[in-house]
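Please read the following report alongside the sequence and the coordinates. It goes from whole-chain values to single residues.

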Amino acid sequence: MKTLRINGAWRDFPEGLPETVSDLLDVLHINQATVVAEINEQIVKRPEFATTPLEPGQSIELIRFVGGG
Amino acid sequence: MEPLRIAGRTFESRLLLGTGKFSSHALMAEALAQSGADIVTVALRRVDIENENDDMLSVIDRDKYLLLPNTSGARDAGEAVRLARLARAATDIEWVKLEVTPDPYYLLPDPIETLKAADILVKEGFVVLPYINADPVLAKRLEEVGTATVMPLASPIGSNRGLQTRAAIEIIIEQANVPVVVDAGLGLPSHAADAMEMGADAVLVNTAIATASDPIAMAEAFNLAVQAGRKAYLSGPGAVGRQASASSPLTGFLRE
């Protein structure tokens, strides 16, 4: 199984699951400097992106700041 | 004028600016400059995976402005606490505008969940600025759990209806030992000046500026109004009376 649930939607990685949060952000072309992540509702801090491994079936939230009042 | 003090920090401006609804990041940045604001609110949302690099923070100079992440979208205390923790992880900022709005039509804040979340977040070291209905008892309860301000609404978020809750906000101002920031519903500079003349410590404005035909000019107008209102409050307004009180002398008329 090479799937992750990203922001509520299951996504297949037929080429192989990204190994870390950093790898995932690279695959998705997301700028790491602007994002905060949760894996199964546990916060992953930005300095830990490169060392936090991913496992199939995890639920990942990728969040950023937007305009708001 | 004396600066605004919140949780031991001082701010020159008494206008807090929300960053939603601007038609572009560039326009928001220019309005921010003209508003004179020192504190800007931002929201947290899921990354749009298909439109990945839309980074609004890049136009906000973090050395110049204090980012105040909000918990908008939270429907209960648990969701608000989760958002606050995410915001802190993203920015190392401990400040949070706490808003818990389960009602999608009027976006009125849930007092019970707000108080519950405030208690948790204060204990975790957050500087909590709660968005509340204009409820003087709730304001005191929040102050007691250690919030840094109270932020009563003037009227529903984005409604531009002005100070519909005047009488209750007057009581909150009279009783509060923390800064009172009138938040939500202020639609015109005159509404903001009105709140400041009543003795509010600050106001938070977003929609009225962001959705004006010229947001940059409207930002400046609010900036001036907030300064004028504060100065008027400090100047001690004259008494209000029912009858006329002549401004010119009542002697020396050119008649017998």
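Chain B exposes about 12,100 Å², of which carbon and sulfur atoms supply 49%; accessible areas come from the Shrake-Rupley method with a 1.4 Å probe, and for residues only the protein chains shown count as cover. This is a predicted model, in which local features need pLDDT of at least 70 and side-chain atom pairs count only at pLDDT 80 or more, while totals for chains, interfaces and linings use all residues. Residues are numbered from 1 along each chain as its sequence is written, chains are lettered from A and ligands numbered from 1 in the order in which they are written, and side-chain values use heavy atoms, with hydrogens and water left out.

The secondary structure of chain B comes to eight helices and 10 strands, where helices (H or I, at least four residues) and strands (E, at least two) are DSSP runs numbered from the N terminus. The radius of gyration of chain B is 20 Å, close to the 18 Å that the globule rule gives for 256 residues, so chain B is as compact as a globular protein of that length; the radius is taken over C-alpha atoms, and the rule is 2.2 Å times the number of residues to the power 0.38. Chain A, by comparison, has one helix and five strands, which follow one another from the N terminus as β-β-α-β-β-β. With a radius of gyration of 12 Å, close to the 11 Å that the globule rule gives for 69 residues, chain A is therefore as compact as a globular protein of that length.

The table sets out further values for the two chains. In it, buried means under 20% relative accessible area, with exposed over 50% and partly exposed in between (1.4 Å probe, protein chains only), and contact means heavy atoms within 4.5 Å.

As to charge, chain B has 23 positive and 33 negative side chains, and the centres of the two sets lie 4 Å apart, whereas in chain A the mean positions of the 6 positive and 10 negative charges are 6 Å apart. Lys and Arg count as positive and Asp and Glu as negative, with His and the chain ends not counted.

Two loop residues of chain B have contacts with chain A. B:Thr19, in the loop between β3 (15–18) and α1 (25–35) of chain B, counts as buried because its relative accessibility is 4%. Leaving aside neighbours within four places in sequence, B:Thr19 is in contact with residues that include A:Val66, A:Gly67 and A:Gly68 from chain A, and B:Met28, B:Val42 and B:Asn206 from chain B. The side chain of B:Thr19 also reaches the backbone oxygen of B:Thr41 at 2.7 Å.

B:Asn70 has its place in the loop between β5 (66–69) and α2 (77–91) of chain B and is buried, with a relative accessible area of 2%. A polar atom of the B:Asn70 side chain lies 2.5 Å from the backbone oxygen of A:Gly69. Within chain B, the side chains of B:Asn70 and B:Glu99 are joined by a polar contact of 3.4 Å; such a contact is a pair of N or O atoms within 3.5 Å, and within protein one must be able to donate a hydrogen and the other to accept it, while residues adjacent in sequence count only if both atoms are side-chain atoms.

Elsewhere in chain B, B:Pro152 is found in strand β8 (residues 151–152) and is buried, with a relative accessible area of 0%. Not counting residues up to four places away in sequence, B:Pro152 touches residues including B:Ile132, B:Ile169, B:Val181 and B:Asp183. By contrast, B:Glu144 in helix α4 (residues 136–145) counts as exposed at 61% relative accessibility.

Helix α6 (residues 189–197) of chain B has buried residues, among them B:Pro189, B:His191, B:Ala192 and B:Met196. Their cover includes β9 (181–183), β10 (202–205) and α8 (215–235) of chain B.

Methods
The place of a charge is taken as NZ of Lys, CZ of Arg, CG of Asp or CD of Glu.
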